[in-house]
Structure formats: structure tokens, C-alpha cells
Amino acid sequence: MTASAFARLVRLPAALTAPGDTLAGAAAAGWPFGARTALLPLSSTLIYWAGMALNDYADRDLDAIERPERPIPAGDVTPVEALAVAIVLTSAGVGIATLAGGRRGLAVALPLAASVWAYDVVFKPTALGPVSMATTRLLDVLLGAGAGSWRRALPAALTVFTHTLGTTTLSRDEVHGSRSAVVGTLAVTGTACAAVAAAAGPTLNPANGWLPRVAGAALALAYLAAVAPAQVVARRTRAAPDIRRAVGASVMGTTGLQAAL
């Protein structure tokens with residue numbers, strides 16, 4: 001397997017959306033920046049990459065029809081190699097989380113890894129697929145908070161859950177388009193709810209002054225402005241190209257939401 005094929009298999013640039021989950025969780029839980037908050041984003045990234053490799057392994061037959069350019073149908077990566085990458089990266093991610101957070105880190109990293117594998121192998125093609133994917137992001141935020149501080153990070157985790165639920169639901173129609181406006185409505189509603197929650201987040205801590213509130217609201221509005229227009233167009237046209245653009249905007253907009261949190 002070449003380095004280029006590996007990068008395509010794990011969607012290398014898309015992993016930029018993973019570290020922000022654990023950083024948002026750490027911020028919500030009140031953790032200071034240090035070795036722990038530096039290692040957990042790495043753990044999150046490795047588990048994210050594992051999920052991408054496992055996704056291509058699980059979808060190899062479907063990709064041969066719908067996405068022949070993907071590494072496995074293109075012949076650049078074998079199914080066995082993709083599965084091996086998923087196993088190694090999952091193990092490394094869980095190991096680093098344990099190193100950073102001890103037993104409490106392991107207590108969240110294991111369910112996170114299990115939820116990633118469950119999504120790719122079991123739930124993705126089912127009606128529970130979007131909820132399953134959103135759950136992985138929720139657990140990723142809680143990974144940053146740690147098992148002992150998850151209650152403080154729950155509002156942030158639910159915000160990311162809502163965003164991911166809308167994005168994943170929308171993505172199910174990015175190949176053939178949508179016959180219903182329901183998908184677009186859910187995505188736009190989820191985006192709006194997530195933005196409002198992000199703006200309100202800093203107010204939950206009475207120790208925060210006005211500056212975090214203004215910053216949170218400004219970043220949340222910037223996130224909404226970047227993501228919602230494409231989703232509104234996708235809802236109106238229901239065309240596959242517009243849905244793909246909306247999904248792309250939503251995925252990249254994840255970092256803006258994390259910054260607000």
C-alpha cells in the first residue's frame with residue numbers, strides 16, 4: 001500500500017474535524033491544556049482514521065458500483081489491508097487514550113471504538129445509521145471530558161450529536177438525490193439547533209464573563225452562515241450535486257462549531 005493510497009483510504013484531510021471534539025469536551029470539563037489534552041485529540045484522530053478504513057472495507061462491493069475511484073475497487077488497497085489498517089489504528093487510538101487518561105480514558109475510548117465499528121459494520125445501511133454515527137461524535141466529545149466529568153461536557157456533546165445527525169441524514173441521499181424535503185429540513189433544523197446551543201454554551205458556566213458569551217455567539221453565527229445556505233439549496237432542489245455540496249459544507253463546518261464550543 002502506497003502512502004497516497006493510505007491517505008485516500010483514511011480520508012487524511014477529513015481527520016481535521018476529529019481533534020476539535022475532544023478539545024471541546026476538555027474545555028467543557030474545565031481541563032487545562034497539558035499532556036492529556038494534547039494526547040486525546042491524537043487518539044480521536046486515529047480512531048477516526050480507523051473508521052474510514054473500516055468504512056471502505058465494509059462498503060467495498062457497493063463502492064465498486066457507486067464509487068469505483070475509491071482505493072479498494074480501484075485496486076490500490078486490498079480488503080485485507082484495509083481491515084488491518086482499521087484494527088491497528090483502533091488499537092493505537094484506544095492505547096493512547098488509556099495512556100492519557102488511565103482507566104477513565106479507557107472507559108470512554110472503548111465504547112467510542114465499539115460505536116465506530118458498529119456503525120460501519122452493522123448500522124450504516126439501516127434507519128439507525130445517522131443516530132449511530134452521531135453517537136460516535138457524542139462519545140468523541142466525552143472522550144475529551146473523561147469518564148469522571150462527562151456530565152459537564154454533555155451539552156457540548158449533544159450539540160455535536162445534533163450537527164452530526166443532520167449531516168449524516170443528509171449524506172444518505174448524496175448519490176441519487178432526495179425524493180423528499182424531510183431530509184433537508186432535518187439537516188437545516190439540526191444546524192440551527194446546534195448553532196443556538198453553541199452560542200448558549202458559555203452562559204452555562206456562571207464563572208464566565210461577557211467575552212466568552214460574545215465569542216461563542218459570534219463563532220456559532222459564523223458556523224451557521226457557512227453551513228446553512230448550502231443545506232437550504234439542497235432542501236429546495238433535492239438534487240444529488242447540491243446535497244453533496246451541503247454535506248461537504250457541513251463536514252468542514254464542524255470545526256467552526258467546535259470552535260464555538
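Okay, one term before anything else: a nonpolar core is a set of buried Ala, Val, Leu, Ile, Met, Phe, Trp, Tyr and Cys residues joined through side-chain atoms within 4.5 Å. Keep that in mind, and also keep in mind that what you're looking at is a predicted model.

So, the big picture. Along its principal axes, the C-alpha trace spans about 55 × 45 × 30 Å.

The chain exposes about 12,000 Å², and carbon and sulfur atoms supply 69% of that. As for how the chain meets itself, take the contacts between residues at least 6 apart in sequence: 74% of them join residues at least 24 apart.

Now back to that term I opened with. The largest nonpolar core here has 24 residues, and the ones with the most contacts inside it are Leu112, Leu138, Leu142 and Leu143. Which elements give two or more residues to this core? They are α3 (35–58), α5 (79–123), α6 (129–145) and α7 (150–171). The largest share, 8 residues, comes from α5.

Let's zoom in on one of those leucines. Setting aside its neighbours within four places in sequence, Leu142 is in contact with Val108, Trp150, Ala153, Leu154 and Ala157. And apart from this core lies another one, of 19 residues, with Met52, Val77, Ala82 and Leu89 among them.

Last stop, a residue I'd like you to find on the screen: Thr17. You'll see Thr17 in the loop between α1 (3–9) and α2 (19–29). Is Thr17 buried or exposed? Its relative accessible area is 1%, and the cut-off for buried is under 20%, so Thr17 is buried.

And what does Thr17 have around it? A polar atom of the Thr17 side chain lies 3.0 Å from the backbone oxygen of Ala14. There's also a polar contact of 2.8 Å between the side chains of Thr17 and Arg137. Leaving aside neighbours within four places in sequence, Thr17 is in contact with Tyr48, Arg137, Val251, Thr254, Thr255 and Gln258.

Definitions and conventions. Residues numbered from 1 in each chain as written. Predicted model: local features only at pLDDT ≥ 70, side-chain atom pairs only at ≥ 80, totals over all residues. Heavy atoms only, no water. Buried < 20%, exposed > 50% of the residue type's maximum accessible area, 1.4 Å probe, protein only. Helix = DSSP H or I, 4+ residues; strand = E, 2+ residues; numbered from the N terminus. Contact = heavy atoms within 4.5 Å. Polar contact = N/O pair within 3.5 Å; in protein donor to acceptor, adjacent residues only side chain to side chain. Areas by Shrake-Rupley, 256 points an atom, 1.4 Å probe, with all protein chains shown as cover.
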